[in-house]
Amino acid sequence: MQHKSDVEAADALKHAYQQIRTEISNVIVGQDEVVKFVLISIFSNGHCLLVGVPGLAKTLLVQTVSQVLDLDFNRIQFTPDLMPSDIIGSEILGEDRSFKFIPGPVFSNIILADEINRTPPKTQAALLEAMQEKSVTAAGVTHKLAKPFFVLATQNPIEQEGTYPLPEAQLDRFMFKVSLNYPSFKEELQIVKNTTSTAQQSVSKILNAEQIIYFQQLVRNIPVADNVLEYAVKLVAKTRPDGEFAAPNVKRLLNWGAGPRASQFLILGAKCHAVINGKYSPDIEDVQAVAKPILSHRIVRSYHAEAEGLSTDDIIEQLF
């Protein structure tokens, strides 16, 4: 897949993005923001954490995305008794009396880690290497994962009994943390119409793995002006209560700020956001557009912020 110039390739990515959105909307009603951030994270080579109550079509969304993008898809249901070998695979003794590695479900392009906070830290950690290094180590041998590789994890924010909250180090591996809200009345009417009849909604394949890798490289090649770079890095620095750029209200409202990975994701996300909106270089508005889902799970509110009923999004808005 070759284009004469990066400008032509950027136009092709914008067109492909619009086609993908149209196809997904045949199956998923509403959730436009969620779909946008899931696609941005795929084209930015990141991972996405979806937080929402049961029944909001999180699993269906991931399946639909994998179909439209013509990628292999595996779903792992996280439970308290799940072991690391259930995810990455294990060594078994073959008929020839030698050990061979049987790959687990993580060897796929898109992984749906369903209810990731249901499983103990030992099993959660099995995903860490896969997410960060795009490889798996078993019995001292490193196995590379297929490209592109993308983890979409879901979490139920209500039920906390029998759950293991994700440690900060693992949360930091996710590019976005996206909250799913209930559909509007009109949207819910449409959902019920679509799902209670015999009509089957189908989607067409728009991109394949090779094209996605090409577009991921294109997103990295997009130039960024120095003032936009400085704005993104300064925005992250403002979240650190002890940092030189911390505003007085940040020192009061936050106990902990975001790390350098947030700055990297802000720029990558802004580049992709610019391209899908027909721009060839990101501006400050693009950084702000992706800031909330990138920063919300990387900052820790203080007692004062919780007492005043301020959400992480409210605090991030004060930093713009």
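**Figure 1. Lining of the largest cavity in the predicted model.** I28, Q31, V34, L56, A57, K58, L61 and L180 line the largest cavity. The model is predicted. The space inside this cavity comes to about 30 Å³. By class, 6 lining residues are nonpolar, 1 is polar and 1 is charged. A search of the whole structure turns up 1 cavity of 30 Å³ or more. Rolling a probe the size of a water molecule over the atoms shows where empty space is left.

**Figure 2. The largest pocket.** Its volume is about 980 Å³. The lining of this pocket holds 39 residues, and those closest to the centre are V51, K177, S179, S296 and T312. Seen by class, the lining has 17 nonpolar, 14 polar and 8 charged residues. The helices α2 (32-43), α6 (168-171), α12 (284-295) and α14 (312-319) each give at least two lining residues. The strands β1 (48-51), β9 (176-179) and β11 (300-301) also supply at least two each.

**Figure 3. The second largest pocket.** About 400 Å³ of space lies here. The lining consists of 19 residues. V27, A57, L60, I191 and T195 are those nearest the centre. Helix α7 (residues 185-195) contributes the most to the lining, with 5 residues. The lining divides into 11 nonpolar, 7 polar and 1 charged residues.

**Figure 4. Helix α1 and its buried side.** Helix α1 runs over residues 6-25 and has 20 residues. From first C-alpha to last, α1 reaches 28 Å, close to the 28 Å expected at 1.5 Å a residue. The buried residues in α1 are A9, A10, A12, L13, A16, Y17, I20, E23 and I24. Because they cover an arc of only 155 degrees around the axis, they sit on the same side of α1. The cover over these buried residues includes α2, α3 (58-68), α8 (209-221) and α11 (260-276).

**Figure 5. Helix α9 and what covers it.** Helix α9 (residues 226-237) has 12 residues, which should span 16 Å at 1.5 Å a residue. V228, Y231, A232, L235, V236 and A237 are buried in α9. Among the elements that cover them are α11, α12 and α14. Helices α12 and α14 also supply residues to the lining of the largest pocket.

**Figure 6. A cis peptide bond in a loop.** The bond from K147 to P148 is cis. Its omega is near -10 degrees. P148 belongs to the loop between β7 (141-144) and β8 (150-155). Most residues other than glycine have a negative phi, and most peptide bonds are trans.

Figure 7. N45 is not a glycine, yet its phi is positive, about 65 degrees. The loop between α2 and β1 holds N45. N45 has 32% relative accessibility and therefore counts as partly exposed. E115 also has a positive phi, near 50 degrees, in a residue other than glycine. E115 lies in the loop between β5 (110-114) and α5 (121-133). With a relative accessible area of 22%, E115 is partly exposed. The cut-off for buried is under 20%.

Definitions and conventions
Residues numbered from 1 in each chain as written. Predicted model: local features only at pLDDT ≥ 70, side-chain atom pairs only at ≥ 80, totals over all residues. Heavy atoms only, no water. 1 Å grid on protein atoms, 1.4 Å probe; cavity = no way out; pocket = protein on both sides within 12 Å on 5 of 7 lines; lining within 4 Å. Points joined across faces, edges and corners; volume = space filled by probe spheres on them. Helix = DSSP H or I, 4+ residues; strand = E, 2+ residues; numbered from the N terminus. Nonpolar A, V, L, I, M, F, W, Y, C, P; charged D, E, K, R; others polar. Expected span 1.5 Å × (residues − 1). Buried < 20%, exposed > 50% of the residue type's maximum accessible area, 1.4 Å probe, protein only. Arc of directions from axis to C-beta. Contact = heavy atoms within 4.5 Å.
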